[in-house]
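Hi everyone, thanks for coming. I'd like to walk you through one structure today, so please have a look at the view on the screen.

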Amino acid sequence: QNCMQFLSQAPQPPSIDSVKAAVEVLHQVGAVAADNERERLTPLGLHLAKLPVDVRIAKMMIFGVLFCTIEPVLTIAASLASKSPFAEFFNDDGTAKAKQQQFMGPDSDFITYVNVWEAYSKATEASPSAARKFCKENYLNFVALREISDSRRQFLDLLCSIGFLDKSDADNLKQSTFNRHAKKHELVHAVCAAGFYPNIARLDQTPAMNISLWHNNERIYFHGKSINASKKRFQSSDKWIVFHEKFGTTHRTSVATTAFVHPFVLCLFGGSVVVKHTERKVLVDGWMELPMAAQVGVFLREIRKQLEVLLQKVFEHSDKRQIEKMDHDMIEGIVSILSSECA
């Protein structure tokens, strides 16, 4: 039986459209694959099935381990699964926004969450009362940050339970080998893109600074709470955006929690890749056109194939020891490519 046939036997079966949408998401993240018109769990899907969280957030956490950015990725995952740490003060909105501005990443809502958590975590080291005072002074939601703290611990325990981390990592996360690239924000964004793909948007900017945002052929907009919503101009390299989710209204569709990613990220973690040699560009998923020398595109496509083989082996035999033994030269090579290109 396929998913549709199996779920149709439930006492109150979900609608066909909702099942189709859910299965499509599972295909997009690589959790299921079609096999003679039946869906089967992939090795990655078997691990994602053991993580009772949104499938894209779960994939992001697993890639956070593999690319050694686990602490910031855990913070991002917990923040997206909890209430916003930014409290709203309608009677003192100006002061609240000014105080909260210190935590804002220059062009990343994901890193903003990391900055808030790191500052709050430092305050908690003194005492619970110091943490409360810190939140009050900086117009942050103390209850939400406690919730984020609980979610981080739960997610960490889940990663340990499926063998990707162990107790020694959990007890000293900052010093863990799986956190050695935590400060490389461009790599953190790449991990977010790997998890949330195909949630990618293209930013178009004219010489007159007219800005438009597109997800395939759909016109979309930055949500008002995104750090990028208030910007009037962007650098020429600011072209591709990863976003957490879309919000649709009768008037427009907005994207929230955004950050810019390098085109190489799309080649490595995106959908189908076609190298157009004569046109000197790479086409990802049929709509993302990336100006790129053909040899660079071919190189990235080959790296991606090798990465997929490597990840398949990890997902088939995952435990911390197997992950530590995997081809670190390839992982570090990808880290080096993304770090140098995004610097």
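Let me start with a term: when I say contact, I mean heavy atoms within 4.5 Å. Helices (H or I, at least four residues) and strands (E, at least two) are DSSP runs, numbered from the N terminus. A word on the model as well: it is predicted, local features need pLDDT of at least 70, side-chain atom pairs count only at pLDDT 80 or more, and totals for chains, interfaces and linings use all residues. Residues are numbered from 1 along each chain as its sequence is written, and side-chain values use heavy atoms, with hydrogens and water left out.

Let's begin with helix H5. Buried here means under 20% relative accessible area, exposed is over 50%, and partly exposed is in between, with a 1.4 Å probe and protein chains only. H5 is mostly covered, with 11 of its 11 residues buried. What covers them? The list includes helix H4 (55–66), H7, helix H9 (142–161), helix H11 (185–196), strand E6 (240–248) and strand E7 (253–261).

Now zoom in on Ser79, which sits in H5 (residues 70–80). Ser79 has a relative accessible area of 3%, so it counts as buried. A polar atom of the Ser79 side chain lies 2.8 Å from the backbone oxygen of Thr75. Setting aside neighbours within four places in sequence, Ser79 is in contact with Tyr113 and Ile148.

Next, a helix pair. Axes are lines fitted to C-alpha atoms, for helices over the stretch in contact, and angles run from 0 to 180 degrees between N-to-C directions. Helix H7 (residues 109–124) packs with helix H8 (residues 128–137) at about 145 degrees, and their axes are 7 Å apart. From H7, Ala119, Tyr120, Ala123 and Thr124 meet Ala130, Ala131, Phe134 and Cys135 of H8.

Last stop, a sheet. Two strands pair if DSSP finds at least two bridges between them. This open sheet has 3 strands in the order E8-E9-E10, with antiparallel pairing. Strands E8 (273–276) and E10 (288–291) are the edges, each pairing on one side only. Neighbouring strands are turned by 20 degrees against each other on average, direction ignored. Between E9 (residues 281–284) and E10 there are 4 bridges, and Lys281 has Pro291 as its bridge partner in E10. Lying across E8 and E9 is helix H13 (residues 294–316), which runs at about 160 degrees to E8.

That's my tour, and I'm happy to go back to any part.

Conventions:
Polar contact = N/O pair within 3.5 Å; in protein donor to acceptor, adjacent residues only side chain to side chain.
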